[in-house]
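Thanks for making the time this morning.

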Amino acid sequence: METTGRSTEGDPLKAGEDQAETGTGPPLTELKKKKKSCKEVLGFSKPNHWRTAVFFFSLFLCLTIVFAFSFIIPCPVRPQYLSTWNRTFSEAVTYDFLAIEDANKDNVMDVLFVLKNTEISQNKTCTDAGLPSPCVFVLAVAGTDGETLWGRPLVPEFHWAQCGLDEEKGRSWHCLLSHSDQLTAVDKYTGEIKWQQPQPPGLNSTVPVLIVPDLDGDKVSDLALVASDMTQTRLAFLSGKTGVQIGSTVVLDTLETANHLLHCNTDGSYYVLLQRDSGLYGLGLWRIAAKAGMKESLSKDKQWEKEANATSGLVPIYESDPVRRVLRMGLTGCAPNLLLVTANGLALVDGKNLQLLWRFNTSTILSEPSFGHFNKDNVLDVVVEEDVGNYTKRVLILDGKSGGLLWQVSLLASPNSPRPAAIHTINSFSVFMFWGTMPSQANSSEPFLSDRHSYLLHPLYSGVLLQSTNVMDHIITFHATLLENGRHAAYILLTGAGAEGADGTVVLSKRKMKQDVQDSRVIHIGAGGSAATSEEIRDAFGRLRFSDW
C-alpha cells in the first residue's frame, strides 16, 4: 500500500501541522496558542493541588463534627405514657382539690391532691413526721404512670389549697394550703415547705387566694386572703415572700359576701369583686391598701371611681338580680369579660366599661358553667346545665359573642355528676365532655348512680354523642386536661366516700380520652341525627389533634 505525507481524518492535529509546514494552513504558532487556550479554559493548565486539599479537609472536618454531635447530643426521648392508671388508698379521706402541674420538670403535667391517712407508704407516715395520726398529706403523682413523686405530711385538719401561684417571678413556692391554724407554702417540685405562718387572727379565709402587686417593696408580688361571715367581710395582706401579714386587717363590707375575685383593668388598676345577694360590686385595691396602713402607691380607674359610692367606695357592676357566681370569660390578660350566674339566668358584663353585653334567661343552673369553642369565631362559648325539673337537666351551649343558643340536649340529672368540661383542638373548636343519663336508657324516671355516663360531643357531628362506660364510684372531683403541650388529652377522676370527711377507699385515676373513644357507644340525638356511620364518627374523634387555649 502506498503511503503519503497527507494526514487522515483521524489525525486532525497532525494535519494542521503539515499544512502549516507546507504553507497551506495557519501558522504553527497559532495552533500551539489554540492548544494552550483550550487547556486554560478547562482549568487544567496549572492544577491547584492546595485548593483540592483544603476542600477535602473541610469536608472531612464537617462530617466529623456532625457525627460526633449526633452521638454526644442524643435525640429527645418522648415520655412513655400508660393509657390508664389508678392509685388506691384504703381507709383514707380526700377533698375537692385537684391541681394539674408539672411537678418533675419533664414537660408532662402531673397531679397534686390532698389525702388524710395514717401513711402513704411504709417510710412516709404521720408518726415518723412527729404529727398526730391520721394527718394530712399533700401528694404529687406523675401524669405518665401515677407513681408518687413526693408526699408532704401536715398537721390536720385540712381547710383549702390552691396551686398555680408561681406566675410572678421571684416567688420560690407554688401551692398554698390552709390547715389547722396554719398557712403553708409548698414547692411543687420537691414538696419542700418554703414558709409556714399562723392564720391571721380571727380570719377564716376561703379560696381563691388573690395575687396582688408588691406592697412591701421586696420585689415579690403579695397575697390577699378574704373571709366572710354573717356580719362582715374582711381582708388581710400577706407577704408573698415570707407569709408575714402586711398592715392591719381591713373590713371590706358590713354584709356577708358569697364569693370574691380580683379584677385587673387595662390601666393597671385592681379591684376586688364582691358577690352579694343584691348584685356584684367592686372595691379599689388602692382603698383597701390605704385602710391597711400602706402608702397609696396603687393606681385607680377613673371611670370606675366615678360610679363608686361616696361612703363605702363600692362600685356597682351588676344589680339587676341576685348573683350566685362570677367567672372570668377567659383566663389570661387584664379586664376579661365577667360571666355572672344569677337567680334568673346568665349575664355577660364587659370587663372594661361594665356594660351589659347579653343576658340569657334560664331556670336554676345546676353546676358552674364552663367554656369552650363550639363555633369558629375565636370567642369562648358557654356550657350550662339547667334544671328543668322531674330529675331532668338541659345541657346548653351558648354563643359567647351574642348569648344565643347554639346546641342543647336533655339528660337525666344523675346524682354526683361533675360539671361539664372542654378540651381545645387545633381546628379552632373544642371537644366537650359532660355527665348524665340518656332518658331512653334509664331504668326509671329517677336516675341512679349506676346509670351515670360521660358523653363526648364533637361540634362537627353535633347530632351524635359518644357514651362511655359508667363510673360507679362517688366522684369527689374531676378534671379534663392536656398532659403535654398540645398532646395527650386525658381526664383525671378522684373518687372516695360519699359522706364528706368519711373514711373509705380513695382512688385517683387517669384515662386517655382517645382510649375511651373506641369503646364508646354512638348515640344519635335530635330528629336529624347524622348521616355518618358509627365507625366514621369514632374515626373523627381519633383524628383530633389537641391544642392549648
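Let me begin with Glu157, which is found in the loop between β7, residues 148-154, and β8, residues 158-162. Please keep in mind throughout that this is a predicted model. The peptide bond that runs from Pro156 to Glu157 is cis, with omega near 5 degrees. There is also a cis peptide bond joining Ser133 and Pro134, where omega is about 0 degrees, and Pro134 belongs to the loop between β5, residues 124-125, and β6, residues 135-141.

Staying with backbone geometry, I turn to phi. Lys105 is a residue other than glycine, yet its phi is positive, near 60 degrees. Lys105 sits in the loop between β2, residues 99-101, and β3, and with a relative accessible area of 60% it is exposed. Ala335, although not a glycine, likewise has a positive phi, in this case of about 55 degrees. The loop that holds Ala335 lies between β20, residues 323-329, and β21, residues 337-342. Is Ala335 buried or exposed? At 6% relative accessibility, Ala335 counts as buried, since the cut-off for that label is under 20%.

Thr266 is placed between β16, residues 259-264, and β17, residues 270-276, and although Thr266 and Ala335 are 69 residues apart along the chain, their C-alpha atoms are separated by 5.9 Å. Which residues does Thr266 contact, once its neighbours within four places in sequence are left aside? They are Cys334, Ala335 and Lys352. Even with those contacts, Thr266 is exposed, having a relative accessible area of 60%.

Now to the rings, where the count comes to 10 aromatic pairs. One of them is formed by Phe89 and Phe113, with 5.9 Å from centre to centre and 55 degrees between the planes, and this pair is tilted. Why does the pair tie together separate parts of the chain? Phe89 lies in strand β1, residues 84-94, while Phe113 lies in strand β3, residues 110-117, so the pair links parts that are 24 residues apart in sequence. Phe89 counts as buried at 6% relative accessibility, and Phe113 is buried as well, with a relative accessible area of 0%.

A further pair, Phe434 and Tyr455, is stacked, with centres 6.4 Å apart and 25 degrees between the planes. Because stacking requires planes under 30 degrees apart and pairing requires centres within 6.5 Å, those values meet both limits. Phe434 is in strand β29, residues 430-436, and Tyr455 is in strand β30, residues 453-457, so this pair ties together parts that are 21 residues apart in sequence. Both Phe434 and Tyr455 are buried, and together with Trp407 they form one aromatic cluster.

Finally, there are charges placed over rings. The charged end of Arg276 sits over the ring of Tyr281, 4.7 Å from its centre. In the case of Lys300, the charged end sits over the ring of Trp286, and the distance from the ring centre is 3.7 Å.

Definitions and conventions
Residues numbered from 1 in each chain as written. Predicted model: local features only at pLDDT ≥ 70, side-chain atom pairs only at ≥ 80, totals over all residues. Heavy atoms only, no water. Phe/Tyr/Trp six-rings, centres within 6.5 Å; stacked < 30°, edge-to-face > 60°. Helix = DSSP H or I, 4+ residues; strand = E, 2+ residues; numbered from the N terminus. Buried < 20%, exposed > 50% of the residue type's maximum accessible area, 1.4 Å probe, protein only. Lys NZ or Arg CZ within 6 Å of the ring centre and 35° of its normal. Contact = heavy atoms within 4.5 Å.
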